[in-house]
Amino acid sequence: MTAESYSLADRGERTRVEVGGKKLRPCGTYAAFQRHQKRDEEPCEACTTAARLWRLYTSARKRYWDRKSAEASHEELEALLGEMLTREIDYRVLERRSDTPQPPGRRWTVYRFDFENGQQYVGITQRSARAREAEHVSGDKRLTGGSARISELVACGIKYDLFTLATDLTEGEAYKLEREEIG
């Protein structure tokens with residue numbers, strides 16, 4: 001598939017393979033691991049790795065939300081959120097197939113919020129960093145992807161600076177830089 005023939009309709013299907021008339025997630029994803037199990041097959045190494053990373057992510061996510069509902073300290077929540085984001089990135093990077101075509105013009109930006117209390121937030125977007133800032137500050141979970149942390153800090157009156165760390169990156173480059181910045 002050439003860049004010219006890549007349509008928006010293909011974007012949602014680029015990580016699926018057609019098997020017997022059905023489009024399925026390829027090996028190296030948690031969905032493929034589940035498919036191996038359902039068919040009583042021995043999962044391949046890529047699917048086993050994906051399942052391990054997915055379980056690490058979901059357990060980190062559960063710990064974060066359990067502690068948040070128990071009103072844990074801000075420092076503990078920060079540490080758990082960092083672990084959860086790292087685990088999610090580990091899984092998403094593994095899941096993304098290196099041979100899948102990227103649509104032309106689909107470029108990414110990495111940005112960082114530096115709050116005056118010393119906290120930081122690093123994110124990626126396909127829009128400008130300023131447009132993404134407006135979405136975060138709005139607090140609308142449909143726009144922020146559930147990252148209400150920034151909205152909470154802004155609502156408390158904590159001042160921040162927005163920095164654009166890099167622009168015109170591929171998705172893989174953006175995820176890598178985001179992970180490096182998160183630390």
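Predicted model: local features only at pLDDT ≥ 70, side-chain atom pairs only at ≥ 80, totals over all residues.
Student: How many helices and strands does the chain have?

Tutor: Helices (H or I, at least four residues) and strands (E, at least two) are DSSP runs, numbered from the N terminus. Here the chain has eight helices and five strands. Along the sequence they follow the pattern α-β-β-α-α-α-β-β-α-α-α-β-α.

Student: What share of the chain counts as buried?

Tutor: Buried means under 20% relative accessible area, exposed means over 50%, and partly exposed is in between (1.4 Å probe, protein chains only). Of the 183 residues in this chain, 38% count as buried.

Student: Which residues have the most contacts inside the largest nonpolar core?

Tutor: Start with the general idea: in soluble globular proteins, nonpolar side chains tend to be buried together. A nonpolar core is a set of buried Ala, Val, Leu, Ile, Met, Phe, Trp, Tyr and Cys residues joined through side-chain atoms within 4.5 Å. The largest one here has 17 residues, and those with the most contacts inside it are Tyr30, Phe33, Trp54, Tyr64, Met84 and Tyr91. Helices α2 (30–38), α3 (45–69) and α4 (74–95) each supply at least two residues of this core, and α3 gives the most, with eight residues. Apart from this core lies another, of ten residues, among them Trp108, Val110, Leu169 and Tyr175.

Student: Which residues is Tyr91 in contact with?

Tutor: Contact means heavy atoms within 4.5 Å. Leaving aside neighbours within four places in sequence, Tyr91 is in contact with Thr29, Tyr30, Ala50, Leu53 and Trp54.

Student: Now for the sheet. In what order do its three strands lie?

Tutor: Two strands pair if DSSP finds at least two bridges between them. In this model three strands form an open sheet in the order β4-β3-β5, with antiparallel pairing. The edge strands are β4 and β5, as each pairs on one side only.

Student: How many bridges join β3 to β5, and how many join β3 to β4?

Tutor: Seven bridges join β3 to β5 (residues 160–169), and Phe115 stands opposite Tyr160 in β5. On the β4 side (residues 120–125), β3 pairs over six bridges; there Val110 has Ile124 as its bridge partner. β3 and β4 form a hairpin with four residues between them, and Gly118 in the turn has a positive phi of about 95 degrees.

Student: Which residues of β3 point one way, and which the other?

Tutor: In a regular strand the side chains alternate between the two faces of the sheet. From β3, Trp108, Val110, Arg112 and Asp114 point one way, while Thr109, Tyr111, Phe113 and Phe115 point the other way. Strand β3 (residues 108–115) is mostly covered: eight of its eight residues are buried.

Student: Which strands does α5 lie across?

Tutor: For angles, axes are lines fitted to C-alpha atoms, for helices over the stretch in contact, and values run from 0 to 180 degrees between N-to-C directions. Helix α5 lies across β3, β4 and β5, running at about 130 degrees to β5. Helix α8 (residues 171–182) packs on the sheet too, touching β3, β4 and β5, and its direction makes about 180 degrees with that of β4.

Student: Which residues of α5 are buried, and why do they line one face of the helix?

Tutor: The buried residues of α5 (residues 129–138) are Ala129, Arg132, Glu133, Glu135 and His136. Seen down the helix axis, they fall within an arc of 165 degrees, so they line one face. That arc is taken from the directions from the helix axis to the C-beta atoms.

Student: Is Asp40 buried or exposed?

Tutor: Asp40 counts as exposed, at 73% relative accessibility. Its place is in the loop between α2 and α3. Phi of Asp40 is near 55 degrees, a positive value in a residue other than glycine. Asp168, found in strand β5, also has a positive phi, of about 60 degrees, although Asp168 is not a glycine.

Methods
Residues numbered from 1 in each chain as written. Heavy atoms only, no water.
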